[in-house]
There are 2 protein chains.
Amino acid sequence: MNAAERLASSYEALCAHTRETALLQSVQALLEWDDRTQLPTAAGPYRAEQAACLAGMVHRRQTAPEVGGWLDELAASPLVEDPHSDAGTVVRRLRREYEKKRRLPPTLVEQLARLSARGQQVWAAARKASDFGQFLPVLAETVDLKRQEAAALGFATTPYDPLLDDYEPGTATTEVAAVLDSLVASLRPLLQAILASDRGPDGRLLARRYALDAQREFGMAAARAIGFDFSAGRLDVTDHPFCTTLGPRDVRLTTRYREDDFGDAFFSILHEAGHGLYEQGLPAASFGLPLSLATSLGIHESQSRLWENQIGRSRSFWEGLFPAARAAFPEALRGVEFAAFYRDVNRVAPSLIRVDADEITYNLHIGIRFELERALLEDDLQPADLPAAWNAKYDAYLGVVPPDDAQGVLQDVHWSAGLFGYFPTYALGNLYAAQFYAQAAEDLGDLEGQVRRGEFQPLLQWLRSRIHAHGSRYEARELVERVTGRPLSERPWIEQMTRKYADVYRLD
Amino acid sequence: MNAAERLASSYEALCAHTRETALLQSVQALLEWDDRTQLPTAAGPYRAEQAACLAGMVHRRQTAPEVGGWLDELAASPLVEDPHSDAGTVVRRLRREYEKKRRLPPTLVEQLARLSARGQQVWAAARKASDFGQFLPVLAETVDLKRQEAAALGFATTPYDPLLDDYEPGTATTEVAAVLDSLVASLRPLLQAILASDRGPDGRLLARRYALDAQREFGMAAARAIGFDFSAGRLDVTDHPFCTTLGPRDVRLTTRYREDDFGDAFFSILHEAGHGLYEQGLPAASFGLPLSLATSLGIHESQSRLWENQIGRSRSFWEGLFPAARAAFPEALRGVEFAAFYRDVNRVAPSLIRVDADEITYNLHIGIRFELERALLEDDLQPADLPAAWNAKYDAYLGVVPPDDAQGVLQDVHWSAGLFGYFPTYALGNLYAAQFYAQAAEDLGDLEGQVRRGEFQPLLQWLRSRIHAHGSRYEARELVERVTGRPLSERPWIEQMTRKYADVYRLD
């Protein structure tokens, strides 16, 4: 073997090793999906053992010395000269992962996996009982382990940085804080104008009785219409909606249904289907390699938000879909005019539950979580004091106070699963979505007309070719510039919202 | 360390290793359960890769040289002097497994796992299309691999022996053939008398319209009543009903529902719940060790059959449950008399589908499969000729001929999953069940009265203490002698059936 052949052979070995690790990771994903949709209540402890066993195996494979050897060998090779080539992408991403993982002790990784599995069971029970006290010990242990994790990874200014980096590679806590500040500053006058209007919708049409079976059928039909492939996916029921990928052709969505809330299930189905379209659009042949992974959670969220909001809450979408909605829910929508329904879909009202929040107030929910989880990690807030801090911030930012923990601090699954640093990616997703949508509208010409006619393929193909097909070839910030010609900015989002809500709320 | 301490330490190491292997096996079981209840159609190929990866890992752990070392060291130790002690049981069972597995090449194990996952997908599609041709290539490959497996394991007279031994340890093919012959010989005059009677039930009451949701509720209530713990289990929908264990407190049952067939779902739920009660009764603290494993599939089947037939199709069971059935299905059972319903539950009619078969003809379905799968393995029958052979035997034994493959050779999942040697354990289960039931009735006094009053705990506790609690401490044949004082015999079954059907069919 000459030098070039030896490098090619090392690259092949690295890829084969990574693909086999991905097989085990996909099994981990199945354990987690089953946890959240199927697991009998008494089965939690053994499931935690299973999850910890697999997490340990995956961690050992990811940090195996031979991986370091292959990466070192390839580091300065011509194969990876172009960082955006296949090999350049694979090696760059795997090196980043390898270096982070090598810093984590295997026992800590196993502890976190075990606690995450158990934590979600405890959280679900605590939420049901609306009793933060049941959840507190698990939360305290999780914060402690996440601080240990941050310390092991290393950081300059805040333990939040290395955790955020897991979800939004290369983005610093201070940058997120700056973007959110800027967003909130622009948002405040718009929100005030909306709340001051006495000509807005009251949202009552969406609180009529919508039969659960019909909701499920209607939601699945909408997901199918925008392009989600149910021969390679499913839709199930869970406490907190999510999307997970168990294989190149196995993408699973979940939602929850309430008879008196049409929007809860419908928009979460569109949202999760948006995630699912990204996953189904990643290059299947590279499954198991970074080439077939989303580049960041913010970009992932931009795909769900775009379909949920820019499309799913738009006038043209409902102009097209409203007749089908009337047929699906003949009693709830008897005598209802399109314009009233569309305005109710876009009602703005400060509220308690993040996943129910409207487009405008949503980012304030994120701001609260971002500040609280930073404070927990930076030891400025004790876990026992979290409910009081939560309620105070809701009062200050949104003018509402949770009457109980279930509608307050226990509403989200994330912290129970050890996901700290995850929340801000939702806000970044909103901004990326608006920026992508503006560009797509420019490129596609009559996007609104296409949406009105139910022609979603042009937009999906635009997203496929410009975003999905690249996997993690470009970091989020490179991708945004590449696709839109501009760096990340809150302006497109603010402009779209200002235009839309001037119409919905008849602002002058 | 002295010699005794060293032995104790080796035993601990062997147990820890075995329990960790069991963690991976329980994950395999989850993959399989998901395959059969949840998997999107396009997801099959990657699922097969996942299954093969885990099968390879489990096989490597089961055949690791250190296992052989521990077993050799423990072989002649005082710890295992009593073969029915904890250590005696663990070492005996693990040695048997180790020796069998060591004879199988890892590549063959992985091929079988991959083919099993794919085979079940292909089978489900072929069955839906009622097209044996779609299934033939997979079947031919499976038979070939199973013959390779038998050759690797070694056998004296027939390749069927080492495969049967996987399910019914220590029982030879010739013994099964002898028991089935004897059973069929005793059964023939009874069946003739039944079919000659013109005073039997016609079964039409069970073919009325039974709402699916109500069937599910009623079936779950019955499973709960006999003692199945749904906080440590589930009931889902699948093509072919089964029971699987994913953890010490995670036992999953499946069934299927037909609106015009009350018995199909109800008796399969009782049947699978019977399996589930055995699994839930195994000692949880020993989960992962042979102490917490069923001793044979025949014994497992005896538990499902006892609850399905000896209890579930008895007069006293329905005397107790009939009022609830009328409340659950007010339209289907309006004006229906208890006696007519009870007799319809026990209608005997030679038919095409094994899982729908009555108690009397059921064993003939098994006889056919036993002969055909032996012939396939012994190369006396080519896979392509299987449908014709199947149809000829149904005509000869039962006087019925399948009109298509879906109702014939494609009806069961077993062969698609590589389960050869499994079918006869169903017939053994029938015989064990009758023998256990006769003994329980003797020990418990008023068993029929208890059943009539819905008091299932005495029987369940009897089964728990005499059978479930022992796991695989005793081989099936030892267990039967221990519990009933007699070796396996078809007599109790024949006696029970003769008495019951003389009543149902008013034989003189």
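At what angle do helix α2 (residues 44–62) of chain A and helix α5 (residues 106–129) of chain A pack? About 150°, with their axes 8 Å apart; axes are lines fitted to C-alpha atoms over the stretch in contact, and angles run from 0 to 180 degrees between N-to-C directions. This is a predicted model, where local features need pLDDT of at least 70, side-chain atom pairs count only at pLDDT 80 or more, and totals for chains, interfaces and linings use all residues. Residues are numbered from 1 along each chain as its sequence is written, while chains are lettered from A and ligands numbered from 1 in the order in which they are written.

**Confidence**
- The model comes with ipTM 0.88 and pTM 0.89.
- Chain A has an average pLDDT (the predictor's confidence in each residue, from 0 to 100) of 95, and 100% of its residues score at least 70.

**The helix pair in chain A**
- α2(A) and α5(A) are therefore roughly antiparallel, a label for angles over 145 degrees.
- Residues touching here (C-beta atoms, placed from the backbone, within 7 Å) include A:Gly44 and A:Ala48 from α2(A), plus A:Pro106 and A:Val109 from α5(A).
- Sorted by class, this contact has eight nonpolar, four polar and five charged residues; Ala, Val, Leu, Ile, Met, Phe, Trp, Tyr, Cys and Pro count as nonpolar, Asp, Glu, Lys and Arg as charged, and the others, Gly among them, as polar.

**Where the chains meet**
- Chain B and chain A put 25 residues each into their contact.
- On chain B's side, α1(B) gives the most, with seven residues.
- That side of chain B has 11 nonpolar, seven polar and seven charged residues.

Terms used
Contact = placed C-beta atoms within 7 Å. Helix = DSSP H or I, 4+ residues; strand = E, 2+ residues; numbered from the N terminus. Parallel < 35°, antiparallel > 145°, perpendicular 65-115°, else oblique.
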